Amino acid sequence: MDKTDIKKKIIIAGLLASFLTPFVRASVNVALPTMAVDLNLSAIFLTWLPTLYLLVTAILYVPFGRLGDLYGRKRIFQYGLIIFTVSSFLSAFSISGEMLLAIRIFQSIGHAMIFANLYAIITSAFPENERGGVLGLISIGVFGGLIFGPIIGGLLTQLVGWRFLFILDSLIGVVAAVVISRFKYEWAEATSEKFDVLGAIILGISLTTIIYSLSTFDQKYGLFLTIAGIIGLSLFYLVEKRTKFPLIPMELFNNKTFTFGNITGFINYGIFITFSFLLNLYFQYIKGFDPFTTGLIVALPSISMIVVSPLAGRLADRIDSATVTTAGMIVTTIGLAIMTVLNKNSSLLLGLCSIILFGCGIGLFYSPNTKTVVSSVEKKYYGVATATLSNMRSMGQIFGMGIAMLMISIFLGKVEISPANYIELGQSIRATLIILSLLCAVGIFTSLIKENNQSKNGNA
């Protein structure tokens, strides 16, 4: 199999996988209000459906990225796709919120296995002067899933019910699994090293504690859990410094480009997912739109991204990718800030303009940030680097959803959403958007910090 053929198959496999997982999440998000009625779920429980999913992926990204470096990135990637597909099918038969939540845990395990290795495979197979363009192309799959997820999800939920969404997801997964099974090449550049089990356990417990504390910060033990989680991360750092084959080589964080690129990814992606969640609540509850119409509106940021992302990838190959990343953060901040002034009586046109602007900013940011971070490390760390970036993005999503959860608990409490509390719901949405806007502004400055004499890794 020649290199050109390998590259083509990687792009096809990457597009399929990158489409599937965001399609599932976006389609499920638009169906949440209907699922809440069918399964008698409270507003807080609704936030737990996406949040627990993100929690599991955040814990497992780095371990699965390391396992990919050790035993083969394509192997872990393929197993993850199978687990994700089977879990999607089982989700269709959930009879309670608790059952659906449990099955979604397994689905998130598959997601972590997929995205902990996808970008590492791309970085391994393509030289640096091609990575930006390929990452921009692969991001079309991600944004395509985010476009068609809410549109198809809203339509199917309205016509045949939310359960059929998971059946459709599993059918797409089967097709993707068949295609990927025909791809025989493999990458594993750290086969002589060992997996850091102790580090994985400490990291998992620490992240779980911190993330759970976000949903309980209004309780007496919330601050205690946060402190315990920080202590756990400190212990993880000490263990990794003394381990021969660490889960995350701590010297990677001596590189400013790697460190602040991850921090900016944490901010940007957390804002994006939380923004999509809030849009579903705003347009279905506050504005009174049906699921299909809401799905069309929620798809607008992703349509903007799919238009802008290939351009952003090409720009990242021609000029400094960090500069493109900063431009993306600026545009994202402007779009998000406009959204904070909207209420029930606001102009729909103003809302649509802010949503499109927001999507253009995310499209400018996504692939250049990935290239900047991964290209700043040695080849044998590609799996860990992409997994760390995916982990930071997932942590950002959880942090953003934690802010939304906290605002909802403050303004609404643990009650089902009804017309009687739409005012309080609107207040919680606005408060969340204001906080996210301030965080996004901070991200502009973190995106500017990079290593002055960054070494390039173009010999992939």
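Predicted model: local features only at pLDDT ≥ 70, side-chain atom pairs only at ≥ 80, totals over all residues.
1. A pair of aromatic rings is described by the distance of the centres and the angle of the planes. Counted in this model, the aromatic pairs come to 12. One of them joins Phe19 and Phe23, whose rings are stacked, with 5.3 Å from centre to centre and 20° between the planes.

2. Both Phe19 and Phe23 belong to helix 1, which covers residues 3–39, and they sit 4 residues apart, about one turn of the helix. Phe19 has a relative accessible area of 22% and is therefore partly exposed, whereas Phe23, with a relative accessible area of 2%, is buried.

3. Another pair is formed by Tyr282 and Phe283, and here the arrangement is edge-to-face, with 4.8 Å from centre to centre and 80° between the planes. Tyr282 is buried, because its relative accessible area of 7% falls under the 20% cut-off. Phe283 is buried as well, with a relative accessible area of 2%.

4. Ring pairs can also be followed from one residue to the next, and in this way Tyr269, Phe272, Phe275, Phe358 and Tyr366 are linked into a cluster.

How values were computed:
Residues numbered from 1 in each chain as written. Heavy atoms only, no water. Phe/Tyr/Trp six-rings, centres within 6.5 Å; stacked < 30°, edge-to-face > 60°. Helix = DSSP H or I, 4+ residues; strand = E, 2+ residues; numbered from the N terminus. Buried < 20%, exposed > 50% of the residue type's maximum accessible area, 1.4 Å probe, protein only.
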